[in-house]
Amino acid sequence: MMAGSIHWMLAFVLTSVDHIMVIGFAQEESLSGTTANHPSRALMRRSIGSNDVLVQYQDASTEIAVLESQSARIAAYIGNEFQDPQAVSAALNSATLAVFEAVNLFTSLTGDPATNIAQGIYTLGVKLFEAVKVFLPSNITSTSEFATFEHVWTSTFNRSLEVTPTITANIIAYQETGQTSLLIQALESILIEVNIVITAVVSPELGAKVQQYFGAIIDLLGGIGDGLDAMQDGDIPLCVELMYGGLRSATDDLVPAHIQNDTIYVAVTAVLDATLGQLSTHVLEFKKHIEESKTCWKTSKQRSEVRPQQCQAEYAWDGTQWCVPLRNTEFTIQSMANENWYYVKVEDDSDKEGKRLQVSDKPKEDTSKWKFAKGVTGYTITNVRASSMYVGKTSNGYAGIMRHGPEWKATPVTGQHAVFILENGWESGQYLKLGNDRSGRRRSQKGRFLNVAALTNVADPPGEFRWKILNVKDQTAFDPTTQNGVAGSTEP
């Protein structure tokens with residue numbers, strides 16, 4: 001089946017989208033979801049003919065941070081671009097071309113095979129980096145920080161052969177047999193291992209974007225591999241269904257859920273059709289060459305592909321294809337009443353009911369750490385040390401800890417990062433406020449107790465009503481849209 005035939009079959013699919021989706025994707029697993037968790041340290045590898053569902057890999061030699069000052073900007077640029085179907089099409093097309101160039105080297109019949117494999121992986125890394133770089137403005141890509149990031153990226157691709165010897169073994173086996181699944185396994189292994197390292201040295205925001213992109217490429221490769229196996233078996237309709245399914249899954253990995261629709265899939269398929277045809281033709285012609293050089297017939301078997309959902313301790317499934325570290329769910333609550341920004345703690349570091357809340361300069365103590373749990377209208381707030389107690393209002397109007405407490409509605413303060421006002425869910429219009437010091441005076445801040453008081457100017461509240469809420473571990477802002485306040489959290 002040459003590129004023109006693939007084009008015709010994909011065109012047929014697109015004219016019968018509803019029919020194909022009913023037949024081919026009724027059981028399809030949704031790939032949309034959260035990916036904002038930092039994905040380093042542990043990743044999920046898709047099962048390909050084996051029972052091994054998880055891989056954990058740590059690279060201590062890469063414990064450096066790159067792009068610290070630019071990660072958020074880069075992630076934002078990429079996120080904005082991936083809301084445009086043309087940008088998604090270009091990203092996936094560039095990735096397919098990168099794979100095509102690598103496969104050309106893997107299947108070269110001239111030169112030293114080991115050199116060809118190393119050059120193929122190097123080319124794959126360079127071309128994939130170029131595909132990401134094209135989305136970014138020159139004032140970012142021209143910096144020394146970005147050059148360091150590029151060096152880490154390409155050197156990690158080069159080192160993947162050392163880290164995972166099975167990559168070379170699979171490519172050599174593919175060269176000898178033409179078995180497509182071996183090629184796909186090798187390419188997936190490269191991307192998985194590189195993803196682990198890259199996401200370990202950048203911020204969670206940028207790591208999530210790298211993870212999305214590599215995950216999309218893996219889904220696309222899976223569809224190509226299974227489709228070509230089906231084509232070799234003569235099952236053209238299944239071939240088209242599997243290829244289109246892989247393309248759709250890859251698109252879903254990149255495109256935000258709220259704009260995923262048939263129009264997007266059609267647009268992406270139209271751009272990738274020719275490139276997929278070239279890659280498919282090359283792989284099939286190489287397989288044919290191998291088979292004609294042997295005296296026996298070969299049969300193909302569709303890969304067993306299962307997305308497992310089990311992860312090791314301290315990791316959670318992100319709902320798509322990775323195991324990610326459980327995010328720290330503890331926060332500090334800082335007063336914004338003046339430049340000191342003292343932290344909310346429990347009086348006398350106690351865990352006894354009725355103890356008041358006050359501010360101190362000891363954020364690392366458990367008594368100054370808080371957990372949020374989403375309810376119906378807001379969050380219940382508990383202290384890490386006094387874990388069975390909830391933040392509420394005492395009988396004399398102070399904020400304190402008690403066995404039963406209200407939900408607190410967190411409303412962001414406009415123009416201030418991670419700053420909120422906290423409204424008592426049991427008393428509308430009553431908010432958490434920094435009150436007087438121990439003696440009832442207001443001349444100092446350290447040691448002052450918290451009250452629950454009326455607030456009239458919600459749009460521009462006084463400093464005593466403003467609270468900065470940051471994650472203890474990574475200093476990310478409290479997110480009032482998630483279950484536990486952790487930005488991008490997948491935990492229930």
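**Aromatic rings and a buried loop residue**

Thr 394 is placed in the loop between strands β12 (390-393) and β13 (399-402); strands are DSSP runs of E of at least two residues, numbered from the N terminus. This is a predicted model, in which local features need pLDDT of at least 70 and side-chain atom pairs count only at pLDDT 80 or more, while totals for chains, interfaces and linings use all residues. Residues are numbered from 1 along each chain as its sequence is written, and side-chain values use heavy atoms, with hydrogens and water left out.

Thr 394 counts as buried because its relative accessibility is 13%, the term buried meaning under 20% relative accessible area with a 1.4 Å probe and protein chains only. Beyond its neighbours within four places in sequence, Thr 394 is in contact (heavy atoms within 4.5 Å) with Gly 354, Ala 399, Gly 400 and Met 402.

Across the whole structure, a search finds 15 aromatic pairs, that is, rings of Phe, Tyr and Trp (its six-membered ring) whose centres lie within 6.5 Å. One of these joins Phe 331 and Phe 478 edge-to-face (planes over 60 degrees apart), at 5.5 Å centre to centre and 75° between the planes. Phe 331 belongs to strand β7 (residues 331-335) and Phe 478 to the segment after β18 (467-471), so the pair ties together parts 147 residues apart in sequence. Both Phe 331 and Phe 478 are buried. Elsewhere, ring pairs link Phe 129, Phe 146, Phe 149, Trp 153, Phe 157 and Phe 214 into a cluster.

Arg 356 meets two rings. Its charged end sits over the ring of Phe 449, 3.7 Å from the centre, and Arg 356 also lies over the face of Tyr 398, at 4.7 Å from the ring centre. A charge sits over a ring if NZ of Lys or CZ of Arg is within 6 Å of the ring centre and within 35 degrees of the ring normal.

How values were computed. Rings of Phe, Tyr and Trp (its six-membered ring) pair if their centres lie within 6.5 Å; planes under 30 degrees apart count as stacked, over 60 as edge-to-face and the rest as tilted. Helices (H or I, at least four residues) and strands (E, at least two) are DSSP runs, numbered from the N terminus. Buried means under 20% relative accessible area, exposed over 50%, partly exposed in between (1.4 Å probe, protein chains only).
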